[in-house]
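Please give a short briefing on the structure shown below. Keep it plain, and group the points by topic.

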Amino acid sequence: MLRPRPALAALATVVAVAVGITAGALTIHRPTTAPGGAVVTTRPADTPRPPATTSPPSGHRTDGPAQPTPQPPPTSPRISDPALAARQVFQAWQAGDRQRALQAATPSAVRALFAFAPTPQLRFTQCRFLRLGYDCFYSSADAGLYYIDMRVQGGASAGYRVVSIKALTRFGSPDAAAKYVVSAWLAGDRADARHAASKTVVDALWNHLGDRTFGPRFSGCTFRGIDWGADCAFDDTTVGLGFTMQVRGGALLGWNVVAIRFAQL
C-alpha cells in the first residue's frame, strides 16, 4: 500500500486551510438566511423621537372660552318695485311706525311725511316714471291733506327707496281754510297752520295774538270776487283785537289763506 508523500500531504493541508479561511470569510459577509431560503436582514432599532408640538394659530387665545364672531348689522329688505316702496312708507305712516318707514325711505322723507297726521282717506293713484325715477301719488277728494307725491329712486337689483315727499292740502271752502289756521294757532302748531296759510300769515298771527285762553270767534266769510277771493272775519274779545283773513282758491285746487289784516275793536 502506497503512502502519501510528505510534500503532497503538506500541500493538501495548505489547500484545506485556505479553503477554510475563504469559507469563513464568506460566512462573515453572508446575510443570515432563514429556513426555506428567505434572506433575513437586520436593522438597528429606531431612535425614539420627541412628540411634535403644535402651536395655536396666531391671534387666538387658548386659555379661555371662544369669543363669539361679531355679526353684521341687519340690512333693510330689498324692494324691487317703486309702488311697493311707496306703499310700505304709506302704511308705516298710517300705523305710526317710523322704523318700518325708514326701511323704504330716507330719514328726511320720513320726517316730512310724519309731520302730517295720518289720513286714511288717501288712496294710491299711480307711479309715473319721470327723470330717472318715479313719482308715486296718493290722493283724496276730502278736505285737508288730499295729495301726496312720493319721489322714488333706485332700481330692481339695488332696490327702490322713497327719497322725498310733497304733500298738499285742499280745503273745499274759504271758511274751512280760515278755521283750520285758527285751530292750528290754538294748538300752537305753526307747521300745521302752514298747510292752509302762507308763512307771512302764520308769522303775523303768532306775533299779534298771544292769549289762547279763549279762541277768536268766527264771524263768517264774504266772497269778493274771483281775483280777490273771500274775506273771513274773526273777533277776539279777550284783547279787543279782530282780524280778517283773505282766502283765495277754488273748488279744484282748494282754498288757502294768503293775507291777514288786524283791526282794533
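Ring pairs join F90, W93, F124 and Y138 into a cluster. The model is a predicted one, and it holds 10 aromatic pairs.

- Four strands make up an open sheet, and their order is β5-β6-β7-β8.
- The pairing in this sheet is antiparallel.
- The edge strands are β5, residues 217–225, and β8, residues 254–264. Each of these two strands pairs on one side only.
- On average, neighbouring strands of the sheet are turned by 20° against each other, direction ignored.

**Strands β7 and β8**

- A hairpin of three residues leads from β7 to β8.
- M245 has I260 in β8 as its bridge partner.
- F243 stands opposite F262, which is in β8.

**The helix on the sheet**

- Helix α7, residues 199–208, packs on the sheet and touches β7 and β8.
- The direction of α7 makes about 35° with that of β8.

**Ring pair F218 and F234**

- What kind of pair do the rings of F218 and F234 form? Their centres are 5.2 Å apart and their planes lie at 55°. Planes under 30 degrees apart count as stacked and those over 60 as edge-to-face, so the rest, in between, are tilted. The pair of F218 and F234 is therefore tilted.
- This pair links distant parts of the chain, with F218 in strand β5 and F234 in strand β6, residues 229–235. The two residues are 16 residues apart.
- F218 has a relative accessible area of 28% and is partly exposed.
- F234 has a relative accessible area of 3% and is buried.

**Ring pair F234 and F243**

- F234 also pairs with F243, and the centres of these rings are 5.2 Å apart. Their planes lie at 15°, so this pair is stacked.
- Is F243 buried or exposed? Buried means under 20% relative accessible area. F243 is at 2% relative accessibility, so F243 counts as buried.

Notes: Residues numbered from 1 in each chain as written. Predicted model: local features only at pLDDT ≥ 70, side-chain atom pairs only at ≥ 80, totals over all residues. Heavy atoms only, no water. Pairing = 2+ DSSP bridges. Axes fitted to C-alpha atoms, helices over the stretch in contact; angles between N-to-C directions. Contact = heavy atoms within 4.5 Å. Phe/Tyr/Trp six-rings, centres within 6.5 Å; stacked < 30°, edge-to-face > 60°. Buried < 20%, exposed > 50% of the residue type's maximum accessible area, 1.4 Å probe, protein only.
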